[in-house]
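Open the model in your viewer and keep the selection panel at hand. The tour below goes from one selection to the next and says what is found at each stop.

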Amino acid sequence: MSNAIKKEFGSERNIIISLPHLAFEQRMELDLGGVSCLLQHVGGDHSPDSIIVYIKEEKILFLGDSIYANIYSNKRNYTTQSTIQLLDTIDQFDAEIYVLSHWKPISNDEYQKEAILLRTVATLTDQYKGRFKDIKKSYQLNRELNEEELETIGKFVKGFEINN
């Protein structure tokens, strides 16, 4: 983490940390006057302190970076257990729109495609003990895999290797 701060701020690191005025452990709901926001700690590989924000009245779920891989490891990776746990938590929300960092808002259908990719590759990674060729063969089902699918498999394999 300190390397990321050094990279982000360079040698001019006059960083002032303000203490929060409001904090929560797992969940907190805010009434913003006609709109309520539910903040929930979800963790995940990208950051163990990730939270998501659900706007109930609009059925919008802000995922931030929560579903992204761990970028702070020497090898960017996903872990199967953390990913499945995160997806199970996200599935509890009745969302129609999902907002991911670094991307445009997506529909429930678009999110479900991403979730199916992550959940399926996580399951296959455990099933095939991180063997890339076996995971790829099982996932591709008579077609060539696209770059995103191959990259996702690679990140799960790296996570398996790091943890085993």
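Start with H3: its buried residues pack against strand S4 (60-64), H2, strand S5 (97-100), strand S6 (106-107), helix H4 (132-140) and helix H5 (147-163). Helices (H or I, at least four residues) and strands (E, at least two) are DSSP runs, numbered from the N terminus. The model is predicted: local features need pLDDT of at least 70, side-chain atom pairs count only at pLDDT 80 or more, and totals for chains, interfaces and linings use all residues. Residues are numbered from 1 along each chain as its sequence is written, and side-chain values use heavy atoms, with hydrogens and water left out.

Now select residues 108-127, which are helix H3. Its 20 residues reach 28 Å from first C-alpha to last, close to the 28 Å expected at 1.5 Å a residue (the expected span is 1.5 Å times one less than the number of residues). Colour Tyr111, Ala115, Leu117, Leu118, Val121, Ala122, Leu124 and Thr125, the buried residues of H3 (buried means under 20% relative accessible area, exposed over 50%, partly exposed in between, with a 1.4 Å probe and protein chains only). Just after H3, Lys129 has a positive phi of about 50 degrees.

Next, go to Leu150 in helix H5. Leu150 counts as partly exposed because its relative accessibility is 29%. Neighbours within four places in sequence aside, Leu150 is in contact with Phe132, Lys136 and Leu145 (contact means heavy atoms within 4.5 Å).

Then show the largest pocket, with a volume of about 720 Å³. On a 1 Å grid over the protein atoms alone, a pocket is an open set of points with protein on both sides within 12 Å along at least five of seven lines, a cavity is a set where a 1.4 Å probe fits but cannot get out, and lining residues have an atom within 4 Å of a point. Grid points are joined across faces, edges and corners, and a volume is the space filled by probe spheres set on the points. Of the 26 residues lining the largest pocket, select Tyr68, Tyr78, Leu100, Glu114 and Glu148, which lie nearest its centre. H5 gives the largest share of this lining, 5 residues.

Finish at the largest cavity, which holds about 40 Å³ of space. Its lining is Asp45, Ser66, Ile67, Tyr68, Tyr78, Thr83, Leu86, Leu87 and Leu118. Helix H2 (residues 80-90) gives the most to that lining, with 3 residues.
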